[in-house]
Each structure stands twice: as structure tokens, then as C-alpha cells.
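Hello,

Here is the structure we talked about.

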Amino acid sequence: MEIEIGILLVLVFGGGVFLWQKVEAHRDRNRRRERRKEEFGKDPRELSCGKRSREFLAEVAVYYEERKEQGGEGLSGEENFIDDVTWNDLDMDELFLRVNHTKSYIGEQVLYRRLHETKERDWEKWEEHLSYFSEKEEEREELWEALWRIGKEREAYYLPMFLKNAAGLAVEHLWVYRMLQILLFGGLAAGILSANPLFFGISGVTALINVSVYVMSKDKYEVYLYSLGSVRELLAFHKLLAKREEWRKLFVTEELITAWERTKDLWNSIGKYQGKKRAALSGDAFAVFADYLNGATLRDITAFGHIAKQLTEKERELFLLYEAAGEIDLEIAVSSFRKSLAVWCVPELRGQDKTAGTAHRKGQSSPKKKGVLRAKGLYHPLLKHPVRNDFTPGGCCLITGANATGKSTFGKAVAVNAIFAQTIHTCTAESFSMQKMRVLTSMAVRDDLVEGKSYYIREISYLKRIVDAVGGRLPVLCIIDEILRGTNTPERLAASEVICRYLAGKNCLAVVATHDMELTRRLSAEYRCYYFTSGIEGNEVCFDYRIHEGVGENRNAIKLLGLMGFPEEIVTMAQAICG
């Protein structure tokens with residue numbers, strides 16, 4: 001009776017713990033859901049996830065670097081890539097963080113790759129997906145929950161490398177392990193059938209050999225346990241997509257269905273292997289005993305060999321599933337990015353886009369714009385209180401203006417929006433129209449002490465890559481800040497004039513910021529001129545940050561010396577020399 005009561009109490013206690021865990025899990029999920037609803041449409045850099053993403057930038061880049069190096073499927077020619085100089089000039093890491101409201105490491109890596117690649121896409125389907133995520137809050141939350149379960153653990157970011165190198169994980173000399181298994185089970189079977197102890201002895205010795213082999217080998221395979229778990233989480237996400245007809249129609253292509261069918265057996269294979277390994281690593285005595293019993297049969301080693309073979313054979317399908325899961329995550333992130341902006345628009349990409357031209361500003365709309373590049377209400381997405389500018393250059397242009405008036409920021413805003421238009425189909429402007437262009441910059445030039453390259457050498461190498469690019473298939477949008485500032489004035493003017501004139505004669509839209517007023521006179525036939533200005537109010541320099549057409553003569557360098565507290569003697573002498 002006492003035993004029965006004890007068993008009953010254990011069952012009641014166990015059931016209570018189980019129910020409590022279920023209730024807490026449900027509460028946690030609801031808390032996450034409510035928090036995500038509140039965070040949707042916010043700047044992710046201001047959320048707790050933003051700091052973590054900043055720390056993991058090197059890991060985030062792994063997928064892009066791996067696929068680019070290997071020439072992975074979907075990667076197109078050099079003209080469709082944002083090169084490293086342009087990426088650094090435009091602070092694209094910070095812009096990635098501004099957009100990055102993803103919930104999984106896969107989404108982060110696919111978004112990072114997307115921002116590097118400007119190839120043509122099915123923007124009609126893209127807009128359909130983003131509208132779905134903006135309008136269907138509950139469905140969006142369910143997918144975000146599934147993506148959250150994939151997570152952002154540091155080790156997981158190396159899954160692309162793991163998949164790419166899966167062939168190297170194959171168990172060498174697998175036939176030896178098979179022979180040892182045959183000796184083990186054959187000896188047992190022969191001993192039972194013949195009652196001859198010799199066969200049991202052979203089986204016992206083989207078991208000892210197998211355990212020794214297993215102990216020496218298991219660390220090699222257990223190190224990949226996390227990566228295998230990441231593969232299973234990826235497959236779990238696609239299993240969820242397949243369950244709902246609405247999602248199958250919207251997100252699942254025939255190619256993805258085929259990829260899922262070919263890889264779903266990995267779900268069970270990895271699940272069994274992973275379950276046993278994690279139980280053994282937990283330290284549970286029975287699980288450890290079972291682990292070594294499996295070791296005596298070499299079952300885990302051969303099972304890992306089978307999984308490695310499947311990973312190698314199905315690498316293409318796994319990368320398709322990887323990219324598809326990341327696409328959904330980044331699409332939700334871009335939906336959130338759009339909501340976080342006071343003004344944004346769907347760009348018009350000439351010759352590609354049938355859905356574009358719609359501006360989104362408190363319910364207002366703007367008419368479609370056409371041209372090589374036309375922007376209304378353009379601003380930089382990293383500015384919290386931006387001044388918006390209209391810009392329709394119609395050809396190459398020179399931008400002049402005093403220091404800190406906004407020339408560089410404006411040039412970056414043009415380049416960033418040209419990249420965003422071709423990567424995430426979202427621009428920070430009231431309207432934005434352009435033809436497909438390759439974007440190149442020469443802005444944040446620095447000396448390189450490691451390579452021993454001077455400022456001037458690096459600057460002309462940056463310009464040379466632009467000159468080389470203008471003969472390519474695509475027109476080039478190039479943004480140049482203070483052309484050839486690293487050399488003396490006479491040579492700078494001569495070289496700058498020739499380079500700018502060369503670019504103007506090619507398939508290139510050059511936007512060149514300069515302090516050289518002489519350059520505007522020399523290039524007046526080829527370049528349209530714009531300027532930014534400033535003024536003095538009391539003891540402060542004031543900027544309106546608006547672009548004006550024409551040539552501005554406003555200068556403020558000496559005035560700034562005075563306002564920054566330099567001795568009056570220096571300011572007076574500088575004014576006298578300047579005239």
C-alpha cells in the first residue's frame with residue numbers, strides 16, 4: 001500500500017512539474033510575441049538584439065564570403081556586387097545593422113549577402129511577401145517564433161562552411177568498421193548457435209577493440225553536434241512551412257519542394273544521432289552506459305558517416321533551403337525597416353519593375369518618375385532628423401560647398417539609396433527612379449601603413465577601378481569625394497579635369513564633390529553644378545543642408561577657426577592671406 005501511494009505521489013509530482021513547464025513555456029512564448037509586436041517597426045540598433053548583432057559581424061559575413069569564394073549558386077558577375085571599398089565608404093555595416101531586424105543567424109547572413117548583390121529579382125513577388133508580413137500580424141509572429149528557435153548562437157554562423165566541407169567529414173575506411181561490426185555480431189550469433197565459447201571470446205575481444213576505437217574517435221564527431229543540430233532546425237522550419245497551405249502557395253516553389261523531399265530523411269537521421277549524443281553529454285549514468293554500449297557496436301560512428309554522406313550528396317538542396325529560410329527572415333526585417341521610417345518609397349527600376357513608383361508618407365502618394373536617376377525628398381537612412389532633397393542630375397555633376405555643409409552625406413545618401421533600390425527595393429525618399437547601375441565610390445581614403453601605400457597611391461587606385469568599370473555592361477553611378485586631394489594643386493586640377501571629362505564621356509553618372517572652384521569652370525560643358533551653403537548667426541555657423549543648383553562661393557574654413565577658439569592672430573593672418 002505504501003509503495004502504491006509512493007508511486008502515486010511520484011506520478012502526481014511529475015505530472016505537476018510537466019504541466020508547470022508547459023504553462024511557463026506558453027507564457028514565455030506569449031511574452032516573446034508581445035515584445036516582438038512592440039519592437040516591429042523600431043530601429044533594431046536600439047533594441048537588445050542590436051548590440052549582439054554588432055558583436056557578431058565577422059560571423060555574419062561568413063556565408064557571403066563562403067558563397068562568393070566558391071562561386072555558389074545565385075552569385076552573379078562582378079558588376080552585380082558592391083565591392084569592399086564602396087561598402088566601407090558608405091558605412092554599410094552600420095546600414096546592415098539598421099535594417100537587421102532578423103530573428104535567426106540565417107536571416108542575418110542572407111540579408112548581409114543581399115545588401116552586397118544587386119542582381120535583378122522578381123520584385124513583384126517580393127512586394128507581395130512584404131505586404132503579407134505588414135498586414136498579417138499573427139502569421140508573421142508565428143514565422144518569427146520559428147525563426148527565433150533557429151536562433152543566433154555564435155557557432156551556428158559557421159554552418160555554411162560545415163556544409164561546404166561535409167565531404168571532409170566522411171568516415172575514412174568505413175569498411176573496417178563494418179568488418180568489426182560483422183565480427184561482433186557474427187561471433188555472438190555463432191556462439192549462440194554452436195554453444196562454442198571461442199566465438200563468444202572473439203565477440204568479446206571485438207567489443208573491447210570497438211570501444212577503444214570509439215573512445216579515440218568520438219570527440220572528432222561530437223564537435224560537429226551543434227552544426228548537425230543547426231541543420232535539423234533548418235529542416236524543422238521548412239517542415240513548418242509545408243504544414244500550412246497559405247505558406248506553401250506564397251513561399252514554397254517546386255524547386256524547394258524537391259529539395260525538402262530529398263532532405264527530409266536527414267531530419268530523422270540527425271534527430272536520432274543528436275538525441276543519443278546530447279543524452280550522453282548530460283552526464284546521466286544510464287545515458288553514458290548506453291553511449292558506450294553503442295560504442296561497442298560502432299553504431300554512432302557509422303551513423304555519422306551515413307549523415308556526412310547525405311550532407312555531401314544534398315549540399316545544393318540544403319543551400320536552397322538555407323537561402324529560402326533566410327529570405328523569409330530578411331523580408332520580415334525589411335517590412336519592419338519600412339515601418340520604422342517616416343518617409344519611404346518603392347523605387348522604380350527602369351526596365352525591371354512594374355509595381356514601383358508609389359510613395360508612402362502618411363497616406364500620400366507621388367507620381368512615378370522616370371530618368372537615369374530621379375529622387376524627390378531624398379535623405380540618408382542613418383539620420384534621425386534628416387533634411388530631404390530633390391535631385392535630378394540628368395548627367396554628371398559637381399557639388400561644391402564649404403566644410404560640413406553636407407556634400408559627403410548627400411553623396412552617400414544617393415549611393416546608399418541606389419544600392420537599397422537594387423537590393424531591398426526600398427528607398428528613403430518620397431520617390432526614387434533609376435536604371436540598373438553599378439555603384440562605386442571613392443570617399444573615405446586613408447593611408448595604409450601595413451601595405452606601405454600613401455594616401456595618394458590609394459586614392460588613384462580607387463579611381464582606377466572606377467575608370468576600368470565604366471567600360472562594362474552596366475552604367476556606373478560613381479560618387480567621388482574631394483577628387484585627388486592627396487597631391488599638389490596644379491597637378492590635382494589637371495588630373496581631376498581629365499579624369500572627370502573621361503567619365504562624362506562614358507556610360508557613367510559621376511557625382512563629384514570638390515572644393516576646387518576652378519574645376520567647375522573647366523568642366524562647365526560636361527558637368528552640371530550644384531552646391532551646399534552655410535551662414536553665420538551670432539557665434540555659430542548654420543547649415544541648411546539643402547542642395548542648390550549652380551556654383552556656390554560660400555567658404556567657412558577660416559570662420560570655423562575663429563569659432564573653435566583659435567588665437568585671433570592666426571585668424572587675422574589667414575584672412576589677410578586669403579584676401
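In which sense does α8 pass α18, left-handed or right-handed? The crossing is right-handed. Bear in mind that this is a predicted model.

First, the helix pair. Helix α8 covers residues 123-135, and helix α18 covers residues 315-340. Their axes come within 9 Å. The crossing angle is roughly 65°. Angles of 65 to 115 degrees count as roughly perpendicular, so that is how α8 and α18 lie to each other.

Now the contact itself. On the α8 side the residues are W126, E127, H129, L130, F133 and S134. They meet E327, I328, L330, E331, I332, V334, S335 and R338 of α18. By class, the residues of this contact split into 7 nonpolar, 3 polar and 4 charged.

Next, the cavities. The structure has 2 of them at 30 Å³ or more.

What lines the largest cavity? The lining consists of I399, K407, S408, G411, M443, I479, I480, D481, V511, V512 and A513. Three elements each give at least two residues to this lining: α19 (407-423), β9 (476-481) and β10 (508-513). Sorted by class, the lining has 7 nonpolar, 2 polar and 2 charged residues.

To look at these places yourself, start with α8 against α18. Then go to the lining residues on α19, β9 and β10.

Best wishes

Conventions:
Residues numbered from 1 in each chain as written. Predicted model: local features only at pLDDT ≥ 70, side-chain atom pairs only at ≥ 80, totals over all residues. Heavy atoms only, no water. Axes fitted to C-alpha atoms, helices over the stretch in contact; angles between N-to-C directions. Helix = DSSP H or I, 4+ residues; strand = E, 2+ residues; numbered from the N terminus. Parallel < 35°, antiparallel > 145°, perpendicular 65-115°, else oblique. Left-handed = near helix turned anticlockwise from the far one by under 90°. Contact = heavy atoms within 4.5 Å. Nonpolar A, V, L, I, M, F, W, Y, C, P; charged D, E, K, R; others polar. 1 Å grid on protein atoms, 1.4 Å probe; cavity = no way out; pocket = protein on both sides within 12 Å on 5 of 7 lines; lining within 4 Å. Points joined across faces, edges and corners; volume = space filled by probe spheres on them.
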